[in-house]
Amino acid sequence: MKSPVPDLAPSDGEEGEDRTPLLQRAPRAETAPVCRSARYNLAFLAFFGFFVLYSLRVNLSVALVDMVDSNTTTADNRTANECAEHSTPIKVLHNQTGKKYRWDAETQGWILGSFFYGYIITQIPAGYVASRSGGKLLLGFGVLGTSVFTLFTPLAADFGVGALIALRALEGLGEGVTFPAMHAMWSSWAPPLERSKLLSISYAGAQLGTVVSLPLSGIVCFYMNWTYVFYLFGIVGIIWFILWIWLVSDTPETHKTISPYEKEYILSSLRNQLSSQKSVPWVPMLKSLALWAIVVAHFSYNWTFYTLLTLLPTYMKEVLRFNIQENGFLSAVPYLGCWLCMILSGQAADNLRAKWNFSTLCVRRVFSLIGMIGPAVFLVAAGFIGCDYSLAVAFLTISTTLGGFCSSGFSINHLDIAPSLHLEPD
């Protein structure tokens, strides 16, 4: 089958017309057992790594609700009284020892958005560095840096809005390297017909991190105070970093405990996908319609995903009028659905390709369409339901859940269309 990208590799994991390995035909390697395998150990460690990353990313969204003086927000927000107060009284008093700040809605927007100013800067450089020196240290120190900066969030808030915005931008710089680094590692670790499963497992940690951190942040804010949210997740991130450095290797060849059988299985399944080029084909990449389709899909999906990720707790408080405890739990429900969908869709995508002989191109297209159109329909519908609390939560949950199909669609398509370039270091 002709490659969708000029001078790059054809689609992976297909037999005959639709099952051609990336660069040339080769017999499929016999699958190594999953139990106690190094590649699935990597997937689960990556899962917990992205769990930590998204916990560090979204905890501010809930904590900010408790950090801001509610009188400031109410005076500035014209829609605050649109929905009636409906939360049932809670016997346990809300801990009010955390310091309050008089930040208006515009200031809160700058604080929540500042993370992405740093996040966008390190994306492309991280991919280049990871391809030359490996993704293990890059990803590990990205998480470590974000964790350490998170510990200083209460101090930065005391210094002022400018200091907090700068700190969050630095956290974004650290997290910006993580996905490119992980993709680079999977290019050396993931056999083509296990690619959807392995990547879905590792990246599903992001959704579960959101599911756990949102309600947990609400509980910590309610019974303790908001400063402990940042201390808790910052310490967890440092612990994960120690385990990652200790247990993970950049490639199967350098892994200390991998079995010879599994090493041979991984290397043989990827051997015919290696490019003979010694440099990155920048011009063919920039001319590739397939590559730009992935870029547009990522932009479109992330626009919705990150808007909800950062602003959903604020919507729950200011529009639907949920208290801090209810806010955290209800904000997490959509991401629980997305997490389950990612895990199941990864299994389904690989089964369709390996057992039902669906082409990789067909699977990626169908899963991307479901993951893009479904969320759009229900998110638009959520804007027309007014103060129907149950329907609002249901529509947002369905919208975010269907987005999980994209994890086995365009989100993995980078590895389908590009060969593994093992570049020599400078």
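Reply: In α4, the residues Gln123, Ala126, Gly127, Ala130 and Ser131 meet Pro180, Ala181 and Ala184 of α8, where contact means heavy atoms within 4.5 Å. Helices here are DSSP runs (H or I, at least four residues; strands are E, at least two), numbered from the N terminus.

Me: What classes of residue are in the contact of α4 with α8?
Reply: There are 5 nonpolar, 3 polar and no charged residues. Ala, Val, Leu, Ile, Met, Phe, Trp, Tyr, Cys and Pro count as nonpolar, Asp, Glu, Lys and Arg as charged, and the others, Gly among them, as polar.

Me: And where do the numbers and cut-offs come from?
Reply: The model is predicted, so local features need pLDDT of at least 70 and side-chain atom pairs count only at pLDDT 80 or more, while totals for chains, interfaces and linings use all residues. Residues are numbered from 1 along each chain as its sequence is written, and side-chain values use heavy atoms, with hydrogens and water left out.

Me: Back to α4 and α8: at what angle do the axes cross?
Reply: Roughly 30°, and the axes come within 8 Å. Axes are lines fitted to C-alpha atoms, for helices over the stretch in contact, with angles from 0 to 180 degrees between N-to-C directions. The two helices, α4 and α8, are therefore roughly parallel (under 35 degrees; over 145 is roughly antiparallel, 65 to 115 roughly perpendicular, the rest oblique).

Me: Left-handed or right-handed crossing for α4 and α8?
Reply: Right-handed. A crossing is right-handed if the near helix is turned clockwise from the far one by less than a right angle, and left-handed if anticlockwise.

Me: What about α1 and α7, what is the crossing angle there?
Reply: Roughly 160°, with the axes of α1 and α7 coming within 11 Å. That makes α1 roughly antiparallel to α7. The crossing of α1 past α7 is left-handed.

Me: Which residues make the contact?
Reply: From α1 they are Leu53, Leu56, Arg57, Asn59 and Leu60, and from α7 they are Arg168, Glu171 and Glu175. By class, the α1 contact with α7 has 3 nonpolar, 1 polar and 4 charged residues.

Me: Which residues of α7 are buried?
Reply: Leu164, Leu167, Arg168, Ala169, Glu171, Gly172, Gly174 and Glu175. Buried means under 20% relative accessible area, exposed over 50%, and partly exposed in between (1.4 Å probe, protein chains only). Their cover includes α1, α3, α5, α6 and α8.

Me: Changing topic, how many helices and strands does the chain have?
Reply: It has 17 helices and 0 strands. Of its 426 residues, 54% count as buried.

Me: Where is Asp69?
Reply: Asp69 is in the loop between α1 and α2. It counts as buried because its relative accessibility is 18%. Not counting residues up to four places away in sequence, Asp69 touches Lys100, Tyr101 and Arg102.

Me: Which residues have a positive phi without being glycine?
Reply: Among them are Arg321, with phi near 65°, and Asn357, at about 60°. Most residues other than glycine have a negative phi.

Me: Is Asn357 buried or exposed?
Reply: Asn357 counts as exposed, at 52% relative accessibility. It is in the loop between α14 and α15. Arg321, in the loop between α13 and α14, is buried at 18%.
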